[in-house]
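Subject: Handing over the structure

Hello,

Here is the structure I promised you. Please open it first, then read my notes below alongside it.

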Amino acid sequence: PPPPPPPPPVPLAPDDPAPFEAELKQREKALGPRHPDVAESCSNLAILYNQKGDTARALPLYQRALAIYEKHFGPDHPEVAHTLTDLAVLHLEQGDDAVGRPLLERALVIQEKALGPDHPDVIAIKDVLNSD
């Protein structure tokens, strides 16, 4: 008789940071610590940690991603705005409006210029700023 089929792969838990951490290390090694793909990995890992409520681990990853994007793309790039928004929301969710609101206001200026005032991302940022 033919050999039995191999067992199916064990599915990864959607909130397991290990594959995201491995991807970050791999990209750092292959591309260097200041490459935009490294920033993307930092941001993805930060999102995961933030969703798990681990803001202490999320915050430095968002800050690192922001620094890489600003240096690589310049301060007014939409990728910078996305990271500013994520960072702002983290601060706002912690009740730290004094830090979160200016970040979100900066993201709004960038997104309005890039996308126009009627874009859903722009409207979403305005809704958050107006909800307080």
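The structure holds six salt bridges. A salt bridge here is a side-chain nitrogen of Lys or Arg within 4 Å of a carboxyl oxygen of Asp or Glu. Side chains of opposite charge can pair when their charged atoms come close.

Two ground rules before the details. This is a predicted model, so local features need pLDDT of at least 70 and side-chain atom pairs count only at pLDDT 80 or more, while totals for chains, interfaces and linings use all residues. Residues are numbered from 1 along each chain as its sequence is written, and side-chain values use heavy atoms, with hydrogens and water left out.

**Salt bridges**

Start with Glu-21 and Arg-57. Their closest N and O atoms are 3.7 Å apart. Glu-21 lies in helix 1 (residues 18-31) and Arg-57 in helix 3 (residues 55-73), so this pair ties together parts that are 36 residues apart in sequence. Helices are DSSP runs (H or I, at least four residues), numbered from the N terminus. Glu-21 is partly exposed, at 24% relative accessibility. Arg-57 is partly exposed too, at 44%. The cut-offs: buried means under 20% relative accessible area, exposed means over 50%, and partly exposed is in between (1.4 Å probe, protein chains only).

Next, look at Glu-70 and Arg-106. Here the closest N and O atoms are 2.6 Å apart. Glu-70 sits in helix 3 and Arg-106 in helix 5 (residues 97-115), so this bridge also joins parts that are 36 residues apart in sequence. Both ends are partly exposed: Glu-70 at 27% and Arg-106 at 29%.

Salt bridges with shared partners also link Glu-23, Arg-27 and Glu-40 into one network. Within it, Arg-27 and Glu-23 meet at 3.8 Å, N to O. Both lie in helix 1, four residues apart, or about one turn of the helix. An α-helix has 3.6 residues a turn, so residues three or four places apart point the same way. Glu-23 is partly exposed, at 26% relative accessibility.

Helix 1 has 14 residues. Its first and last C-alpha atoms are 20 Å apart, close to the 20 Å expected at 1.5 Å a residue. The expected span is 1.5 Å times one less than the number of residues. Just after helix 1, Gly-32 takes a positive phi of about 95 degrees.

Helix 2 has 16 residues; its end C-alpha atoms are 22 Å apart, which agrees with the 22 Å it should span. Just after helix 2, Gly-53 takes a positive phi of about 85 degrees.

Which parts do the buried residues of helix 2 pack against? They pack against helix 1, helix 3 and helix 4 (78-93). The buried residues of helix 2 include Val-38, Leu-45, Leu-48 and Tyr-49.

Not counting residues up to four places away in sequence, Cys-42 touches Leu-24, Leu-61, Arg-64 and Ala-65. Contact means heavy atoms within 4.5 Å.

Is Asn-50 buried or exposed? Asn-50 counts as buried, at 17% relative accessibility. Leaving aside neighbours within four places in sequence, Asn-50 is in contact with Thr-55, Ala-58, Tyr-62, Leu-90 and Glu-93.

**The core**

The largest nonpolar core has 30 residues. Such a core is a set of buried Ala, Val, Leu, Ile, Met, Phe, Trp, Tyr and Cys residues joined through side-chain atoms within 4.5 Å. Leu-61 and Leu-84 have the most contacts inside it. Helix 2, helix 3, helix 4, helix 5 and helix 6 (120-130) each supply at least two residues of this core. Leu-61 touches Leu-24, Cys-42, Leu-45, Ala-46 and Tyr-49, not counting residues up to four places away in sequence.

**One aromatic pair**

A search of the whole structure finds one aromatic pair. The rings of Tyr-69 and Phe-73 have centres 5.9 Å apart and planes at 25 degrees, so they are stacked. Rings of Phe, Tyr and Trp (its six-membered ring) pair if their centres lie within 6.5 Å; planes under 30 degrees apart count as stacked, over 60 as edge-to-face and the rest as tilted. Tyr-69 is buried at 4%, whereas Phe-73 is partly exposed at 36%.

Best wishes
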